[in-house]
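The following note sets out numbered points on the model shown here. Please read each point against the sequence and the coordinates.

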Amino acid sequence: PCLTYILNDVVCVFCNQVRDLDLCRDPRLVQSMWTCASCLYPYDKNAIEARLVEIVCHRSVSYQVQDVVCKSCHKTKVSNMGQYCKCSGTYVCSEISAAHMQRLKTFENIAAFHKMEWLAETVSWLARQQQGRILAQAPEAL
């Protein structure tokens, strides 16, 4: 349904088998069969959704607290006050916002396809917040 995302280390509570679930390409999940491949015991879809929400929130925080680097020499900014690097270069974010938005879009598609309302609401809110920040920034800061 979208770019793939693999959720690592999903444990079956019945047989304790550990699997990595490809949420977009696993044929069982695409057919809405949320069961263990070994014992056919159903996975707790709510617990999986909670893990996905946690991952999305963690990635969003990581994006917000990322380092800024010099556009010229690629050194990380160390002072809080300086507008320019010692080499006279300007600072830019180490991760561009388009990459972050693409990851959010992937989770949005996963939420829509697998009918995960909490995940969809979380991703939607984060995307709106991110769009607001992008619009509020000066063009040279992007």
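**Note on pockets, helices and backbone**

1. On a 1 Å grid over the protein atoms alone, a pocket is an open set of points with protein on both sides within 12 Å along at least five of seven lines, whereas a cavity is a set of points where a 1.4 Å probe fits but cannot get out; lining residues have an atom within 4 Å of a point. Grid points are joined across faces, edges and corners, and a volume is the space filled by probe spheres set on the points. The model is predicted: local features need pLDDT of at least 70, side-chain atom pairs count only at pLDDT 80 or more, and totals for chains, interfaces and linings use all residues. Residues are numbered from 1 along each chain as its sequence is written, and side-chain values use heavy atoms, with hydrogens and water left out.

2. The lining of this second largest pocket consists of Cys73, Lys75, Thr76, Lys77, Val78, Ser79, Tyr84, Cys85, Lys86, Cys87 and Tyr91. Sorted by class, the lining has 6 nonpolar, 2 polar and 3 charged residues. In this scheme Ala, Val, Leu, Ile, Met, Phe, Trp, Tyr, Cys and Pro count as nonpolar, Asp, Glu, Lys and Arg as charged, and the others, Gly among them, as polar.

3. Thr76, one of the lining residues of that pocket, sits in the loop between β3 (68–70) and β4 (91–93). Helices (H or I, at least four residues) and strands (E, at least two) are DSSP runs, numbered from the N terminus. Thr76 has a relative accessible area of 38% and is therefore partly exposed; buried means under 20%, exposed over 50%, and partly exposed in between (1.4 Å probe, protein chains only). From Thr76 to Leu104 the C-alpha distance is 26 Å, at a sequence separation of 28 residues.

4. What does a search of the whole structure find in the way of cavities of 30 Å³ or more? The search finds 1 cavity, and the largest cavity holds about 30 Å³ of space. Val56, Arg59, His100, Arg103, Leu104 and Phe107 line the largest cavity. The elements that give two or more residues to this lining are α2 and α3 (97–113); α3 gives the most, with 4 residues. By class, the lining comprises 3 nonpolar, 1 polar and 2 charged residues.

5. Helix α2 covers residues 45–64, and its 20 residues at 1.5 Å a residue should span 28 Å; the end C-alpha atoms are 29 Å apart, which agrees. The expected span of a helix is 1.5 Å times one less than its number of residues. Ile48, Glu49, Leu52, Val53, Val56, Ser60 and Tyr63 are the buried residues of α2. They lie on the same side of α2, because they cover an arc of only 140 degrees around the axis, the arc being that of the directions from the helix axis to the C-beta atoms. On the other side of α2, the residues Glu54, His58 and Val61 are exposed.

6. A contact is found at the start of α2, where a side-chain oxygen of Asp44 comes to within 3.2 Å of the backbone nitrogen of Asn46.

7. For α3, 17 residues at 1.5 Å a residue should span 24 Å, and its end C-alpha atoms are 24 Å apart, which agrees. The buried residues of α3 are Ser97, His100, Met101, Leu104, Thr106, Phe107, Ile110 and Ala111. With a relative accessible area of 4%, Leu104 is buried. Leu104 and Phe14 are 90 residues apart in sequence, and their C-alpha atoms are 32 Å apart in space.

8. Ser32 lies in the loop between α1 (27–30) and α2 and is exposed, with a relative accessible area of 55%. Lys115, which follows α3, has a positive phi near 55 degrees.

9. Asn16 is placed in the loop between β1 and β2 (18–22) and counts as exposed at 56% relative accessibility.

Key: A polar contact is a pair of N or O atoms within 3.5 Å; within protein, one must be able to donate a hydrogen and the other to accept it, and residues adjacent in sequence count only if both atoms are side-chain atoms.
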